[in-house]
Amino acid sequence: MKVNSGRKLLKKLIAQPKEPTNRTKGLHSIGIIVDMDNFPEADTFYGLRNDFALRPNGVQIIGYKREYDKTSPFGIQFFTDRDLGWNGQIENGHVTEFLSREYDVLINYYERETLLLKLLTLSTTARLRVGFSEVDNRLNDLILDTTLEEIEAFKLELKKYLTVLGEY
């Protein structure tokens, strides 16, 4: 029943227009949603602080894992399928903190479409959303044609397009 209510919310969020943000042009904060089951090296995204000359808190990362693993040595905060609550809400303190911020760019670093990843993407306030072509194209404003394993190519393409768009 929770999954059905989550699907209803997802359908509603996709149908409604994206809310404008209060953020002006320029790159000051990046939010990143990572599928840690398929890309466990999420820490490499902290390098974007240096790549884009951001402040130490300019990059926020939240990870997704299908199953909770309390022995896992991840330094990245994450959420799991267990965190799906009623009405499609993700009941996790780390997710609540992630959603409380506005981002200039939201990077959706996942190729597998899951309900929780899509809900988090659509619930996050960001001026520009970047992702992969394998994911529903209604979720992202900018789609980069790389794979999860090509992290350096992804970073180069991201920097190139943000420069072209006048964001960096």
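The largest pocket has a volume of about 490 Å³. A pocket here is an open set of points on a 1 Å grid over the protein atoms alone, where a 1.4 Å probe fits and protein lies on both sides within 12 Å along at least five of seven lines. The volume is the space filled by probe spheres set on the points, which are joined across faces, edges and corners. The structure is a predicted model, in which local features need pLDDT of at least 70, side-chain atom pairs count only at pLDDT 80 or more, and totals for chains, interfaces and linings use all residues. Residues are numbered from 1 along each chain as its sequence is written, and side-chain values use heavy atoms, with hydrogens and water left out.

The lining of the largest pocket comprises 25 residues. Lining residues have an atom within 4 Å of a point. Leu13, Leu122, Ser123, Thr124 and Arg129 lie nearest the centre. At least two lining residues come from each of α1, α3 (93-99), α4 and β5 (125-132). Helices (H or I, at least four residues) and strands (E, at least two) are DSSP runs, numbered from the N terminus. Helix α4 gives the most to the lining, with four residues.

Helix α4 spans residues 115-123, and eight of its nine residues are buried. Buried means under 20% relative accessible area, exposed over 50%, and partly exposed in between (1.4 Å probe, protein chains only). Among the buried residues of α4 are Leu115, Lys118, Thr121 and Leu122.

The sheet is open and holds six strands. Their order is β3-β2-β1-β4-β5-β6, with parallel pairing. Strands β3 (78-80) and β6 (142-144) stand at the edges; each has a single partner strand, so one side of each lacks a neighbour in the sheet. From one strand to the next, the twist averages 20°. This angle is taken between N-to-C directions of lines fitted to C-alpha atoms, on a scale from 0 to 180 degrees. Two strands pair if DSSP finds at least two bridges between them. Strand β2 (residues 59-65) pairs with β3 over three bridges. In one of them, Gly63 has Phe78 of β3 as its partner.

Several loop residues were examined in turn. Phe45 lies in the loop between β1 (30-35) and α2 (48-51). Phe45 counts as buried because its relative accessibility is 0%. Leaving aside residues up to four places away in sequence, Phe45 touches Ile32, Val34, Phe39, Val59, Ile61, Tyr109 and Ile151. Contact means heavy atoms within 4.5 Å. The C-alpha atoms of Phe45 and Val34 are 9.7 Å apart.

Tyr68 is placed in the loop between β2 and β3. Tyr68 is partly exposed, at 45% relative accessible area. With residues up to four places away in sequence not counted, Tyr68 touches Phe78, Thr80 and Arg82. Tyr68 and Tyr109 are 41 residues apart in sequence and 19 Å apart in space, C-alpha to C-alpha.

Ser29 sits in the loop between α1 (2-15) and β1. Ser29 is buried, with 10% relative accessibility. A polar atom of the Ser29 side chain lies 3.3 Å from the backbone oxygen of Glu102.

Most residues other than glycine have a negative phi. Ala53, in the loop between α2 and β2, has a positive phi near 55°. Asn87, in the loop between β3 and α3, has a positive phi of about 60°. Ala53 is exposed at 67% relative accessible area. Asn87 is exposed at 55%.

Definitions and conventions. A polar contact is a pair of N or O atoms within 3.5 Å; within protein, one must be able to donate a hydrogen and the other to accept it, and residues adjacent in sequence count only if both atoms are side-chain atoms.
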